[in-house]
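Me: I would like to learn how to read side-chain contacts and strand pairing in a model. Could you take me through some cases?

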Amino acid sequence: MISSAVPSVLKDNVRELIPTAKILVVGAGGIGCEVLKNLALSGFSDIEIIDLDTIDVSNLNRQFLFRKEHVGKSKAEVAKESILNYNPDISIKAYHDSITSQEYGVNFFKRFSVVLNALDNRAARNHVNRMCLAADVPLIESGTAGYSGQVQFIKKGVTQCYECQPKPPQKSFPGCTIRNTPSEPVHCIVWAKHLFNQLFGEDDPDQDVSPDTADPEAAGSVANNLHQSTDAGNVQRTSTRQWAQQTDYSDVKLFNKFFNDDINYLLSMENLWKSRKPPEPITWEAATACEGEKKEISDDVASDMEVWPMYLCAEIFSSTIGTLKKELVNKEFLIWDKDDKVALNFVTACANIRAHIFSIAKKSRWDIKSIAGNIIPAIATTNAMIAGLVVLIAFRVLAEDYEECQSIYLRQKSVHSNIILAPDFFIDKANPNCYVCAEQPYVSVYVNVEEMTVKEFESEVLKKTLNMIAPDVILDGKGVFVISSEEGETEINNDKKLSALGIVDGSILKADDFLQNYNLTIGITNYIAEKDEPLFKIDAKSEELQPNQQNGRQNGSTDKSAQQENDMEVDDDKNDVEFIAPPVDDDDPQEGTSTKKRKLNPPEDEDEDLIMLDDP
């Protein structure tokens with residue numbers, strides 16, 4: 001046990017607040033472990049931790065709360081037990097669950113003095129950002145990438161939110177996404193590079209390509225191939241390299257393992273596919289089947305720009321396996337190089353086969369060469385420094401000394417500067433065009449209404465781009481229920497084009513996510529993409545229907561004088577925009593304005609099993 005005490009250097013008011021403050025830590029990974037340790041040693045006595053992940057062997061080198069015997073167990077639960085070893089006198093509650101689950105609504109967040117984000121993916125960060133805005137609870141966001149890191153304070157009406165500024169494409173990815181649930185071409189490319197290293201490169205447990213599971217005994221034929229039991233009944237793991245050597249690098253056996261057996265094992269993890277399209281495994285025989293004339297790969301520029309058909313990917317997988325096996329003779333390992341044509345061909349073939357399995361767009365060799373290599377390692381020291389800054393800022397947040405809670409950036413020392421910790425000079429104010437924290441969030445969507453289906457609009461625009469979890473969408477002025485978060489309620493609309501439901505150029509959609517307590521007005525503009533242009537565009541800078549800023553208040557302000565500007569109504573006969581205060585339902589558990597309140601809290605005499613919908 002290590003002694004814990006409130007730091008004596010803090011002001012008296014902060015020292016009094018720390019023991020009674022209730023803290024939520026979201027994520028128990030690299031940063032989360034460090035944050036929990038810092039909280040436990042700084043006098044915080046009421047902590048809750050939530051994480052859906054389980055402990056993998058690759059976590060052990062930097063997530064110090066976990067040991068080898070913890071592999072396969074809940075990160076949140078093990079972190080709780082480890083922290084109690086530091087300080088058994090504190091109250092700590094663990095949730096092995098997803099923070100996006102509907103059980104953790106606005107009232108859940110309102111219970112906390114401050115929320116500390118230690119997440120590894122943007123979708124969950126966006127969700128926690130919206131929940132903290134809705135609950136009016138301070139949020140401290142943090143993240144690391146290699147030797148760089150950042151800490152950002154977010155408070156409704158005081159600072160910008162996490163989504164106020166556009167984010168560059170994510171360059172590092174959670175291991176579970178790479179191994180279990182890829183959704184973008186880059187996920188498949190990273191997986192293929194990991195596979196190269198597992199078969200031919202330097203062994204790295206962080207680059208395991210097998211399904212990420214905590215229970216090897218639950219596996220089917222794949223797990224039986226990769227695990228052997230000792231006489232004592234213990235499970236011994238056989239590395240991918242060892243298994244490949246035992247098969248003499250058989251191209252057929254390797255192909256069927258990685259692209260058929262492993263995929264079938266993933267399908268047995270049913271919870272992964274409740275809200276995702278499940279993958280479709282492929283065998284060597286199916287992949288090599290070809291109708292029509294076959295073609296050979298060449299090294300010219302034109303071939304680089306082509307996307308290989310599946311049979312060609314399989315053939316290149318086979319030929320590169322043989323070549324790389326020969327290169328490995330008398331060598332300890334090979335080093336992947338994007339300029340090595342054999343290595344690049346192997347990664348291109350594997351990435352495209354995996355992309356095909358998960359219904360992801362395949363890429364040319366040229367594209368894959370330009371994307372490959374963006375793997376940023378997790379550095380334990382970086383995590384520790386950022387976690388320390390998180391708790392230091394938490395002290396200031398508890399004292400409501402918000403003007404001193406500037407964002408802080410950790411960067412590598414360079415020849416141009418000796419500064420490694422660079423704080424902003426002032427806190428960043430909210431973006432008036434933010435489609436999340438503005439008083440009346442509005443966004444323009446440019447889309448081909450004659451081509452895009454309702455299902456595509458929901459998955460690609462609302463969920464993947466606008467980061468909604470369970471949206472309900474109504475065509476404003478028509479009363480047409482376009483999308484419902486209730487399963488099966490609007491399934492009949494999924495394959496219809498937007499125009500078939502009356503969504504045309506100039507239409508207004510009212511989108512509502514009850515879970516996030518988030519309402520968004522969407523203006524539709526018909527848009528036909530030219531060659532090489534995106535299928536749709538998002539613009540949050542439109543002046544139409546934007547929040548009234550004449551009184552100079554910041555976005556999200558809770559000033560009572562603003563209550564008359566909380567809701568928006570559009571008169572079809574006029575171009576004016578009028579703001580009208582919404583009714584407040586004090587009995588609603590989420591205290592939202594969502595139309596879903598009618599379904600979650602129906603009158604006692606209402607028949608819950610009968611829902612009438614107009615079929616347009």
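Predicted model: local features only at pLDDT ≥ 70, side-chain atom pairs only at ≥ 80, totals over all residues.

Me: How do I read aromatic pairs, and how many aromatic pairs does the count come to?

Reply: Two things describe a pair of aromatic rings: the distance of the centres and the angle of the planes. Here the count comes to 19 aromatic pairs. Take Phe-196 and Phe-200: the ring centres are 5.7 Å apart and the planes stand at 55°, so this pair is tilted. Phe-196 and Phe-200 are both buried. Trp-273 from your opening question also has a ring partner, Phe-358; that pair is tilted too, with 6.5 Å centre to centre and 45° between the planes.

Me: Which parts of the chain does the pair of Trp-273 and Phe-358 tie together?

Reply: Trp-273 sits in the loop between α10 and α11, and Phe-358 in the loop between α14 and α15, so the pair ties together parts 85 residues apart in sequence. Phe-358 is buried, with a relative accessible area of 10%. Ring pairs can also be followed from one to the next: a cluster linked in this way includes Trp-191, Phe-196, Phe-200, Tyr-249 and Trp-284.

Me: On to charged contacts: how many salt bridges does the count come to?

Reply: The idea is to look for a side-chain nitrogen of Lys or Arg within 4 Å of a carboxyl oxygen of Asp or Glu. The count is 16 salt bridges. In the one between Arg-111 and Glu-48, the closest N and O atoms are 2.6 Å apart. Arg-111 lies in the loop between α4 and β4, while Glu-48 belongs to strand β2, 63 residues apart. Glu-48 is buried at 3% relative accessible area, whereas Arg-111 is partly exposed at 36%. For another case, Glu-458 and Lys-463 have their closest N and O atoms 3.4 Å apart. Glu-458 is buried, with a relative accessible area of 10%, and Lys-463 counts as partly exposed at 32%. Shared partners matter as well: salt bridges join Lys-22, Asp-46, Glu-48 and Arg-111 into one network.

Me: Finally, which strands pair with β12?

Reply: For strands, read the direction and the number of bridges. β12 and β14 pair in the antiparallel sense over 5 bridges, with Val-473 opposite Ala-511. β12 also runs antiparallel to β13, joined by 3 bridges, and there Ile-474 stands opposite Phe-481. β12 and β13 form a hairpin with 4 residues between them, and Gly-477 in the turn has a positive phi of about 85°. As for cover, 4 of the 5 residues of β12 are buried.

How values were computed. Residues numbered from 1 in each chain as written. Heavy atoms only, no water. Phe/Tyr/Trp six-rings, centres within 6.5 Å; stacked < 30°, edge-to-face > 60°. Buried < 20%, exposed > 50% of the residue type's maximum accessible area, 1.4 Å probe, protein only. Helix = DSSP H or I, 4+ residues; strand = E, 2+ residues; numbered from the N terminus. Pairing = 2+ DSSP bridges.
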